[in-house]
Amino acid sequence: MKYLKQFLIILAVSLMGEILKAVLPLPIPASIYGMVIMFIFLLTGVIKLGQVRETGKFLIEIMPVMFIPAGVGLMSSWNVLEPVLLPVSVITVITIFTVMGATGLISQAIIRRSAKEAK
């Protein structure tokens with residue numbers, strides 16, 4: 001019963017994201033709205049981490065399974081994707097390295113700042 005309650009909390013926050021997506025004219029996916037709402041709720045204490053922890057861990061553990069439909073969709077759309085495969089691949093590689101580099105630089109800056117504050 002605990003897992004059902006936790007899952008319903010997560011679904012309710014996701015529903016709030018869907019409602020915001022329908023109401024606001026911004027080009028932001030509903031899942032992003034939902035994550036921001038969940039972050040704010042966790043930060044402010046509206047939702048305690050213990051209220052969603054186990055189900056959140058479970059959903060993260062099964063996340064690779066969620067990519068199967070996307071992979072099947074890519075395979076079934078191969079004839080459409082084949083002409084643009086090279087540009088999409090180049091953009092994907094550049095994006096991956098850009099995100100990795102930015103994440104590394106930001107992480108190092110945070111670690112340095114934390115080390116200075118600890119002294």
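Residues are numbered from 1 along each chain as its sequence is written, and side-chain values use heavy atoms, with hydrogens and water left out. Because the model is predicted, local features need pLDDT of at least 70 and side-chain atom pairs count only at pLDDT 80 or more, while totals for chains, interfaces and linings use all residues.

The largest pocket holds about 330 Å³. A pocket here is an open set of points on a 1 Å grid over the protein atoms alone, where a 1.4 Å probe fits, with protein on both sides within 12 Å along at least five of seven lines. Grid points are joined across faces, edges and corners, and the volume is the space filled by probe spheres set on the points. The lining of the largest pocket comprises 13 residues, and nearest its centre lie Ile10, Ser14, Gly34, Met35 and Met38. Helix 1 (2-23), helix 2 (30-44) and helix 3 (53-61) are the elements that each give two or more residues to this lining; lining residues have an atom within 4 Å of a point. Helices are DSSP runs (H or I, at least four residues), numbered from the N terminus. Helix 2 supplies the largest share of the lining, six residues. Sorted by class, the lining has eight nonpolar, four polar and one charged residues. In this scheme Ala, Val, Leu, Ile, Met, Phe, Trp, Tyr, Cys and Pro count as nonpolar, Asp, Glu, Lys and Arg as charged, and the others, Gly among them, as polar.

Alanine 30, by contrast, lies in helix 2 and counts as buried, at 11% relative accessibility. Its C-alpha atom is separated by 22 Å from that of lysine 5, 25 residues apart along the chain.

The structure holds one salt bridge, defined as a side-chain nitrogen of Lys or Arg within 4 Å of a carboxyl oxygen of Asp or Glu. Its partners are glutamate 54 and lysine 2, at 3.9 Å from N to O. This pair links distant parts of the chain, with glutamate 54 in helix 3 and lysine 2 in helix 1, 52 residues apart. Both side chains belong to partly exposed residues, glutamate 54 at 29% and lysine 2 at 47%. Leucine 59 also lies in helix 3 and is partly exposed at 28%. The C-alpha atoms of leucine 59 and phenylalanine 7 are separated by 9.4 Å, although 52 residues apart along the chain.

Glutamine 108, in helix 7 (residues 85-118), is partly exposed at 40%.

Technical notes. Buried < 20%, exposed > 50% of the residue type's maximum accessible area, 1.4 Å probe, protein only.
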